[in-house]
Each structure stands twice: as structure tokens, then as C-alpha cells.
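This report concerns the arrangement of domains and the pairing of aromatic rings in one protein.

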Amino acid sequence: MVAPVPLRVVRCGGSALHGARAVFSADSKYLLCAAGDFVKMYSLATEETLQLMGGHADRVTGIQLNPRNHMQLYSSSLDGSIKLWDFMDGIPIKTFSVGPKLLALYALASCEDSVFVIVPKSGERDTFQLVSVKLTKAAGQDVEAKELAVVLDGVDASPKHTAFGREGEYVASVKELNLQVYFFKQKQLNRFSVSATKTKGGNNHFTCIACHPTEDCIATGSADGKIRLWRNFYHKKEYTFSTLHWHHDTVMDLAFSIEGTSLLSGGVESVLVLWRNESDCQKDFLPRLGSPIEYISVSPDGALCCTLHADNRITIVNSNLRFSKSIQGLIKSADVKTGLVVDPRTKALVLNGEPGHLQFYCLQSDQQLFSLDIVQRQYIHQAGLNQADLVKVAFSARGKWLATVEEREEVTDPELQLKLWFYDEETQSFKLNTRINMPHEDHITDVCFRDMDELEDDSLILVTTGRDCVFKVWVMVEDTDPEAQQSVSWSCDFVGSYHNYQATNCCFSEDGSLLAVSFEETVTVWDSVTWDLKCTFCHPPGKIRSICFGRLMCSKYLIGATDYGFLCCWNLLSCALEWSAHLNILVLQPDPLSEYIAAVSWLSKESSLFVFKPNEPRPIYIQRNLCKEKIQLAAFVPRDEPEMIGSEKYLWLRRSQLFFLTDTQ
């Protein structure tokens with residue numbers, strides 16, 4: 001008897017790629033990045049992920065090449081350990097258990113057998129220390145490294161606030177309005193401070209620091225966009241500084257070139273600035289990089305630099321400030337209003353991307369395939385503006401048609417647009433076919449296509465539901481206008497309502513013969529040929545949160561979840577309630593290739609998963625506390641080949657995988 005393997009929940013993507021400064025390999029062929037609990041290695045030639053190094057139990061906070069062996073990499077993590085990797089093979093060589101949370105990592109060629117980390121000061125809240133960790137030469141893969149020596153007290157937790165200068169002769173650290181410099185040989189500590197505010201209302205708080213590679217020069221960035229270059233800082237009184245100023249807001253990161261002849265800076269303006277010879281007059285720009293620059297790294301040969309961005313983009317730039325290429329991870333949008341939708345053509349997850357765009361995100365490579373501009377208007381990054389946002393999306397069964405809804409929040413009357421896009425095989429992209437202004441009088445709550453065999457386009461129907469208390473049926477009509485560039489367009493064919501209640505959800509049965517529309521507390525079922533109302537169901541109290549039909553052998557059932565904490569299953573033949581369960585279901589997701597339905601509940605701060613077939617009231621599989629975070633959305637993604645699964649209770653994973661997105665994305 002083989003013991004069944006328990007189900008594993010694996011973080012497969014969406015991790016922030018800007019958790020630590022990226023590192024180039026010694027030959028500048030590869031780029032290493034921290035991505036959540038993992039370290040990723042990208043090929044700079046092909047942009048593909050070559051290695052995904054997992055083993056840390058918490059977020060990776062720093063990565064550094066081993067100064068004595070450039071084919072090895074150190075990584076530090078909040079799990080309190082430092083790992084040494086052979087990154088070309090992606091295998092861990094050694095794990096050093098340090099103990100406390102490690103917030104940043106620095107490795108110096110001048111220090112033979114130790115590295116530097118930032119750790120919380122024991123017994124004190126929000127106080128941090130820079131300490132050196134002696135890495136033992138002891139045999140074995142897992143060793144302890146508890147020998148810590150404090151270098152600087154009261155440092156900032158951010159890795160950007162501490163830097164080592166001139167081959168490790170000194171370390172400089174900034175916090176709030178103070179700069180401290182410690183000289184190792186002389187064991188001397190100098191402190192400098194800047195005044196809190198300038199007359200022009202600037203904010204002088206330090207935000208980042210970089211040290212010149214060969215000279216005694218320190219560059220600091222501050223929250224008002226100024227860069228200061230400090231010299232002569234081994235004298236407590238005779239020190240000098242000069243100022244460079246272009247950024248209008250926080251300087252997010254600084255990096256010197258390999259020779260130290262130029263300085264790179266970046267911030268919220270999404271512009272990389274190159275300062276030559278420490279002069280305000282000699283500067284070059286690489287603008288429009290898409291989102292705020294979090295980190296800047298320079299390759300060992302000085303030929304490339306890389307910027308990490310707030311939207312999970314990595315940009316590779318040539319040393320003459322020419323854009324080379326970018327790697328785009330999952331863009332974290334403020335709110336995923338579209339839900340998680342699977343593109344039938346590419347099996348990519350489709351959801352809100354940058355404002356007004358749909359991102360097509362590949363789960364296998366954890367990279368964006370492409371971005372589709374839906375709103376087609378310039379987005380202005382300014383708080384308080386009401387701008388058009390993408391709120392709903394649906395694909396037809398084969399991915400030939402795409403429906404999108406965008407709205408602009410106006411207090412009195414919202415601006416709405418329904419757009420239908422046709423996939424053009426020649427250009428391999430979606431082309432806008434029909435734009436409908438104000439398809440409903442009020443917000444659109446749901447959209448769905450009738451999933452029939454799409455070979456006959458005349459069977460294709462789109463349904464939209466709205467807070468204006470109606471659902472509308474849209475069909476394709478032949479365009480008779482001789483000027484028209486296309487042969488078909490979409491128009492409204494039928495409008496349905498029920499007792500003046502708001503329409504909230506809609507879905508078609510598997511064969512397309514029935515349409516279910518929920519109106520607040522009631523589910524209505526309509527014949528999709530004659531548009532006659534067939535029957536109604538309700539389970540008071542509580543409005544219907546989501547609905548779906550059973551599939552295959554369970555196609556005679558309709559499932560609904562209410563916001564009062566009930567999951568209900570109705571029989572369409574007897575028009576009666578088959579069973580109900582007391583569960584607060586946030587996500588209801590049917591597998592398109594089987595009879596199984598996944599439901600995710602949220603109770604006392606944990607998400608639990610229930611997998612069931614509508615014809616059996618007992619779940620086939622229950623996983624309590626699937627995830628500590630709130631699960632916001634889920635989607636079944638079809639596998640390329642069905643899996644061989646022995647255990648009965650895991651059969652629901654045979655044809656599809658279940659992906660879910662937490663509220664922190």
C-alpha cells in the first residue's frame with residue numbers, strides 16, 4: 001500500500017522581483033534576482049529563467065556573488081539563514097543558520113571568511129544592527145554560524161541605506177537625517193547630520209547610499225530628490241559635500257559605474273539618470289521605463305546596468321544608456337477587478353495589468369507574454385483623478401472573441417464602454433471589432449459568452465448583467481454598411497429583467513441551452529433560444545454572490561453561494577434544493593474539463609478549500625488552512641497532458657491545475 005502524497009501548495013509566481021538588488025554573473029551573461037522565497041537566474045541573451053533556486057522558508061533579502069569563487073552565490077533570508085549556491089547548476093552547497101531575521105547581505109573580497117548582515121537588535125523594537133557573521137569551515141551541508149560581531153548600531157533596516165567603500169576600508173550608513181561612517185583599520189566612527197527641512201520645504205531624510213569604488217567619496221539620496229556627494233569625511237569638521245538635483249521626488253537608488261567616473265540614479269519618475277564627473281551640467285537620461293525604479297545594479301565589466309521596478313519589471317540597459325531589453329513578471333495592479341480568466345488559446349492567465357491594460361501572464365515562465373491596451377488613453381499618475389479602468393473580461397470558448405468592459409467612476413453617472421475584440425490570425429493579436437457606449441445605465445456586474453462549439457459563429461451570444469436591473473443579450477449581425485471594414489458587428493438582441501432587482505451574475509449551462517442570471521437574492525433560469533423564464537431559486541436571507549452550472553454527468557445541477565454564508569445546490573429537473581452547506585464561500589470555480597467544482601471559504605482569518613461534485617453533498621477533498629492570506633481569485637488551468645493520479649481524492653487535479661491569487665497578489 002503506497003501512502004498518498006499530500007497535496008502541496010506551491011508559490012508559483014507573482015513574487016516581487018524587487019526584494020533585493022540584482023546581481024550580474026562575473027561574465028555578465030546571467031542576471032540573478034531575489035523573487036520571494038526563491039533566487040532566479042535569467043539568461044541575458046534569451047531572457048528565459050534558467051534556474052529557480054528554492055530552499056529558503058521566507059523572503060530572500062539579499063544576494064551576493066562569493067568574492068572568492070564567482071560561480072557561487074550567497075543569499076540571505078528572513079528565515080534567519082545564509083545559503084551558498086552553485087548557481088549554474090542551481091544547487092545549494094551549504095546552509096548557515098544564523099538565527100535572527102536577516103534583512104540585508106554584504107560580501108567583501110577583503111573579508112576572508114565572513115559576510116555582513118543587518119539584523120534586528122535583540123530586546124528592542126524597530127532597532128537594527130549591522131553585524132559580521134563568521135562562516136565556519138566545518139564539514140556538512142547544514143552548519144551553525146552563531147558568531148556575530150556588531151559593526152554599527154542603529155542602522156536602517158533597508159539594504160539601500162548601508163554601503164561599503166573603497167575595497168572595504170570603511171562602511172557608511174544613513175538613517176533619517178544622519179550619516180555614520182566607520183573606518184575598520186582605525187576603528188573610528190564619524191557621524192554627520194543634515195538639518196531637518198530646508199527653507200523651500202524640502203525633505204532631507206536620507207533614502208539611499210552608494211560608495212565610490214576607488215576614491216573616498218560617498219553619494220547619498222534623499223526624499224526631496226537631492227543627491228549629495230560627501231568628501232573628506234575622515235575629518236569630523238572639515239568634511240565637504242556638493243549637491244546634484246534633478247529628481248522631483250524621492251531618490252530610490254544610486255550606483256556608481258565600475259571605474260567610478262559616473263553615477264546612476266533612479267526614482268519614482270521612471271527615469272534613469274546618468275551623472276558624469278559629479279557635475280550638474282553633464283547628465284544623460286533614459287526616460288519612460290514604465291514604473292518607479294527600486295534598485296540599480298552594474299555589471300562587473302561595466303557594459304550593462306539593470307534596474308528593478310515597482311511593477312515587477314527588470315530592465316537591462318547598455319552603459320551608453322541605450323535600452324536593451326526587459327523581463328516583465330506579474331504586474332501587481334491596485335485591484336484585480338477582471339478576475340482571473342484563462343485565455344483558451346495560450347493557456348495564459350489574463351487579468352488587470354498596468355492601468356487600462358490586460359496582461360497575459362504565462363504561469364510556466366512566471367513572465368508576461370504580452371499586454372493589450374484596452375482603454376487606449378494616456379494614464380495620468382495622480383491621486384484623486386477619475387480615470388477609465390478595466391473591470392470585466394470574458395473569452396469565447398476557443399479564444400476567438402474577447403469582451404471587455406471599462407468604466408470611469410463618476411459620482412452621478414458612470415461612463416461605461418463594452419468592447420468586442422476579434423483575434424486576427426495574421427497579426428496574432430486582438431483587433432477591436434465593436435465599441436458600445438453605455439451598454440447599461442449603471443455598472444456592469446458580469447459578462448459571459450455562450451460556450452457552444454464556436455465553429456458556427458451564429459451560435460455565439462454574449463450576455464451582460466447590470467445594476468440597472470436588466471440583463472442584455474448581444475449577438476453578431478452582418479454589417480451592411482459598404483464603408484465598414486469588417487463583415488460583422490455586435491448589437492443587442494434581447495433585454496430581460498426580474499421584479500426590478502439588480503442583476504448580479506450570469507452563466508450558461510454546458511450545452512448552452514440555459515442561461516442563469518442572479519437578481520440579488522434570486523436565481524432565474526432562462527431558455528437561451530426563446531428567452532422564456534423557466535424557473536427561479538432562492539435561499540434567503542442573503543444575496544447570491546456567485547453561480548455556476550454542473551458539467552458532464554452533473555449538468556442537471558446549479559450551484560450558488562450566498563453572502564450570508566450558504567453554498568446551495570439546486571436540481572434543474574425537479575426545480576428543488578438538492579442540498580445546502582453552511583460555508584462562507586468567496587470563490588466558486590468549476591473545472592472546465594471535469595465535474596469537479598472548487599470552493600474557497602474564508603473563516604476566522606484562514607482560507608480553506610473544498611472540492612466537490614454537485615451530485616454528492618460530501619466534499620471529495622477538504623484542505624483546511626490552505627493559505628494564511630485571503631484568497632481573492634482562483635482559476636482552473638487545463639494541463640497539456642492528463643496526470644497519472646492514483647489516489648481517489650486527488651482525481652480532481654488530473655486534467656487541470658488549480659491556481660489561486662491571494663489579496664497581496
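The text below treats the domains, one interface and the aromatic pairs.

This is a predicted model, in which local features need pLDDT of at least 70, side-chain atom pairs count only at pLDDT 80 or more, and totals for chains, interfaces and linings use all residues. Residues are numbered from 1 along each chain as its sequence is written, and side-chain values use heavy atoms, with hydrogens and water left out.

The protein is divided into three domains, with bounds from an automatic or database domain assignment.

| Domain | Residues |
|---|---|
| domain 1 | 12-152 |
| domain 2 | 160-328 |
| domain 3 | 341-583 |

Over C-alpha atoms, the centres of domain 1 and domain 3 are 46 Å apart. In contact (heavy atoms within 4.5 Å) are 8 residues of domain 1 and 5 residues of domain 3. The salt bridge count between these two domains is 1; a salt bridge requires a side-chain nitrogen of Lys or Arg within 4 Å of a carboxyl oxygen of Asp or Glu. K40 and D366 form a salt bridge, with 2.7 Å between the closest N and O atoms.

The structure holds 34 aromatic pairs, defined by ring centres of Phe, Tyr and Trp (its six-membered ring) within 6.5 Å; planes under 30 degrees apart count as stacked, over 60 as edge-to-face and the rest as tilted. One of them, F206 with W230, is tilted, at 6.4 Å centre to centre and 55° between the planes. Because F206 lies in strand β18 (residues 206-211) and W230 in strand β20 (residues 226-231), the pair ties together parts 24 residues apart in sequence. Strands are DSSP runs (E, at least two residues), numbered from the N terminus.

Note on methods:
Helix = DSSP H or I, 4+ residues; strand = E, 2+ residues; numbered from the N terminus.
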